[in-house]
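Student: I have a model open and want to learn how to read it. Where do I start?

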Amino acid sequence: MSKRQLAMVMDLNKCIGCQTCTVACKTQWTNRNGREYMYWNNVETYPGTGYPKNWMELGGGFDAAGDLQPGIIPNIEADYGVPWDYNYDSLAEQNLLSDDPTPGIRPDQSPTWGPNWDEDQGAGNFPMDNYFFYLPRICNHCSNPGCLSACPRDAIFKREEDGVVLVDLDRCQGYRFCIAGCPYKKIYFNPKISKSEKCILCFPRIEQGLPPACAQSCVGRIRFVGFLDDEESQVYKLVHKYKVALPLRPDYGTQPNVYYVPPVDTPPKFDENGKVIEGSDRIPMEELEKLFGPAVHDAIKTIKAEREKRKKTGESELMDILIAYQHKDMFRLDHNYYAEVAKKKGMQPLPLVDERYVAGKYTKPSSISHFKVHA
Amino acid sequence: MRRVVQFAAALSLTASAVMAGTVIDAVKVKSLDGLKCGAKVIKKNAKFYKVEVYPQTTLHMNDKKANEINKNAKAKVVEVAALTDGKQIAIITRWPDKSKDIFSGYKSDIYPDGYAVQFASDANDPAKLPYIGMGSDGRPVAIYLRKAYEIVYEPNGNGDVAHQVNPHNTNYFGKELKKFEKEVQKRGLKAYQKAFVSEGFRSMTEIKDNSVNYRTDMHYVDKKGMWGGMVIRPLSDEYAKPTKGEYAVAIAVWDGKELHRDGLKRLSSWVAVRLPGANNEALEKVVTEKVKGDVANGKKQFEANCASCHNDRNFRNAPLYMAPDLSNIGGQATAAYIKESILDPNAVVVPGYNRNAHPNFSWYTVDKNGHRTSTMPPFSFLDQKTIDDIVAYLQTQKAEVEK
């Protein structure tokens, strides 16, 4: 356990599957040097195969007794999908006047699988009871990480100051037991350097006052970032005060620190004549229970009750939080805390890039003297 | 065809006079400079000895497919020779491996073949050699590793950021782009070779400060379906020295086809390598010692005293993660080590699993200074005969050798 834990909450009711987070992450971290196939952040359609293919069936995590479970290491072509390139080079040489012209930009290989291969397919029969929702996933920065426990080299560590789970690339020898050990398959093998790499929760951004790229770029404002022990943070309120944000697959026993507000009030089903079946839910509760555990019932009840309260009285802190009015309220990165940690380690605290998100348990907004955003 | 046969016969006459044994005589040659696998100097001079390497089964790792493949892994025989030019020592190994597994391309689930030589830092007290699995507290080892990678890059690119960007993020096109990619290629490591110091499993640390001087080579002979591997290092350096002209050395080989990496490998017991004219009877005695004892009684005693925690080939009722699995201890540990571990389990405490992986089974407790105390009680109350019988029994605990 780390001293403090930085956490993220994602509100699934608002995710539109636009992949802006995916692109923000990819261009920042994974578009080069053996990471091309990796999606540290991905948005998959649920129900669906997910990324990598059928990750929920690949083992890892812990059983009820706390023993690490064996797992399977996915294959790039079959399970992740090879990132293909385009025939840019041949464009200039294409002869459009030939008898058999093959103009245009096309992939340089025929891909057989990739992330979101089954995007928007979902389950059920259209239009009666078909359904799906989007499930954005990053590393859960677990309190009991499967990857860390599996590493025979002690190359994976959980940062003391904020619980971010990181790989020490100097110690990592590319054995890949971490991939088998992570039940979310959110740690990847980099074939170019022969070492494992994973989501770093954008810690270099956070230390300079910027939220993770996926969270800041989210157009639906579904992502909240803050410390779990910071009672002012919206993350704390969603997770601990209202208990409407739940970890994904808590049964894996890794104690994830990314939390999800489950989809509430899905549209009703239609009967054979196309009539609405009153009181029905398109997303079966069993599916939600499988993903988020039995606590999902209470979470949905709370959200519905708060919404009613808001309708009647115009007041509801929870609804205000979920509306996500202001980025500066959604992200509390506690800059003074990071500065103190750096000083304690004898390092120079990094200069702030953005002062909007600096507030936190140890950083009072009044301590911010001015507002500035560097170019 | 006849010519091939003659050639093979000639080969076996010169270099391949293979002898059994765990004491290897290093042959003096003029120079080891620039030596590579398959060199004439090796063919002419090297005296090869048969050394058995056994599957490492102390821990059960968490790769489902690898566990399935290695469930009934057999031992292999490798052939080891040593050469010296008076300044350096070369350990040359050849071993059968029908599949040539070289890591190349954009893959996540293939593993390369590999080879490593472990040198005990010294053999001053042969009865207390380092733990065979990468040394132990206060008993360091130096490990030289070579793996069959086609090309691999340093993660930090040695500080060269300009060549770490995606080619499409550069301003280059056509010829310039190809030139850029060639420059990137140049920065890859052609030979995946690493030297480590280690004081026990998990503590292995790569030596990166240029304080180690060594060379490795690895080379596959398609016709024979065999790998050859070589490590050359100074006779003596800060990481390992001979004691009375002899080294304690161990050999490990990895088979990529069996998804080998890390502890999933085949490992020999300590082998004595004798420099020309040297004599270290004490070390030779330890590495060759076969305890005379009543194996049948040893088995009974093992069942009564050990089998509640340790699994081996006959008794598999202990919980899987409770204690080191002794299924191949006879192939890897010396009799002295087994004896020491029975009488004083704290002498060498195997770090085992990550403490978080199987929290119900702690092999040891750790004090404030990081010192480990084994949870196994000393069995010093057993009489000498019982201990000898158990050791004799445990020396039979090893996988069958692959024909």
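**Reading the model step by step**

Tutor: Start with a count of elements. Chain A has 13 helices and 10 strands. Keep in mind that this is a predicted model.

Student: How do I judge the overall shape: which radius of gyration does chain A have, and what would a compact globule have?

Tutor: Compare the chain with a globule of its length. For 375 residues, a compact globule would come out near 21 Å; chain A has 22 Å, so the two agree. The C-alpha atoms of chain A fill a box of roughly 70 × 65 × 50 Å along the principal axes.

Student: What share of the residues of chain A is buried?

Tutor: Burial is a matter of counting neighbours. In chain A, 48% of the 375 residues count as buried. Look at contacts as well. Take those in chain A with a separation of 6 or more: 64% of them join residues 24 or more positions apart.

Student: Now a sheet. What is the strand order in the open sheet of four strands in chain A?

Tutor: Read across the sheet, from strand to strand. The order is 8-1-10-9 in chain A, and the pairing is mixed. Then look at the edges. Strand 8 (223-227) and strand 9 (246-247) of chain A each have a single partner strand, so one side of each lacks a neighbour in the sheet.

Student: How many bridges hold strand 9 of chain A to strand 10 of chain A?

Tutor: Two bridges, in the antiparallel sense, link strand 9 to strand 10 (residues 258-261) of chain A. One pair to find is Pro247(A) with its bridge partner Tyr259(A) in strand 10.

Student: Let us move to chain B. How many residues of strand 4 of chain B are buried?

Tutor: Seven of the nine residues of strand 4 (residues 76-84) of chain B are buried, so call the strand mostly covered.

Student: Which way do strand 2 and strand 4 of chain B run, parallel or antiparallel?

Tutor: Strand 2 (residues 23-28) and strand 4 of chain B run parallel, joined by three bridges. Lys28(B) has Thr84(B) as its bridge partner in strand 4. Strand 3 and strand 4 of chain B run antiparallel, with five bridges. There, Val53(B) stands opposite Lys76(B).

Student: How many bridges pair strand 4 of chain B with strand 5 of chain B?

Tutor: Six bridges, antiparallel, pair strand 4 with strand 5 (residues 88-96) of chain B. Thr84(B) has Ile89(B) as its bridge partner in strand 5. These two strands form a hairpin with three residues between them, where Gly86(B) takes a positive phi near 90°.

Student: And a helix?

Tutor: An α-helix has 3.6 residues a turn, so residues three or four places apart point the same way.

Student: How is chain B divided into domains?

Tutor: Chain B has domain 1 (2-152 + 189-288) and domain 2 (295-394). Their centres are 27 Å apart, taken over C-alpha atoms. In the contact, 23 residues of domain 1 meet 17 residues of domain 2 of chain B. Strand 3 (49-55) of chain B gives the most to the domain 1 side, with three residues. By class, that side has 13 nonpolar, seven polar and three charged residues.

Student: How many residues does each chain bring to the contact between chain A and chain B?

Tutor: Count each side separately. Chain B brings 29 residues and chain A brings 37. The chain B side has 10 nonpolar, 10 polar and nine charged residues.

Conventions. Residues numbered from 1 in each chain as written. Chains lettered and ligands numbered in written order. Predicted model: local features only at pLDDT ≥ 70, side-chain atom pairs only at ≥ 80, totals over all residues. Domains from an automatic or database assignment. Contact = placed C-beta atoms within 7 Å. Nonpolar A, V, L, I, M, F, W, Y, C, P; charged D, E, K, R; others polar. Rg over C-alpha atoms; globule rule 2.2 N^0.38 Å. Buried ≥ 20, exposed ≤ 12 C-beta atoms within 10 Å, placed from the backbone. Pairing = 2+ DSSP bridges.
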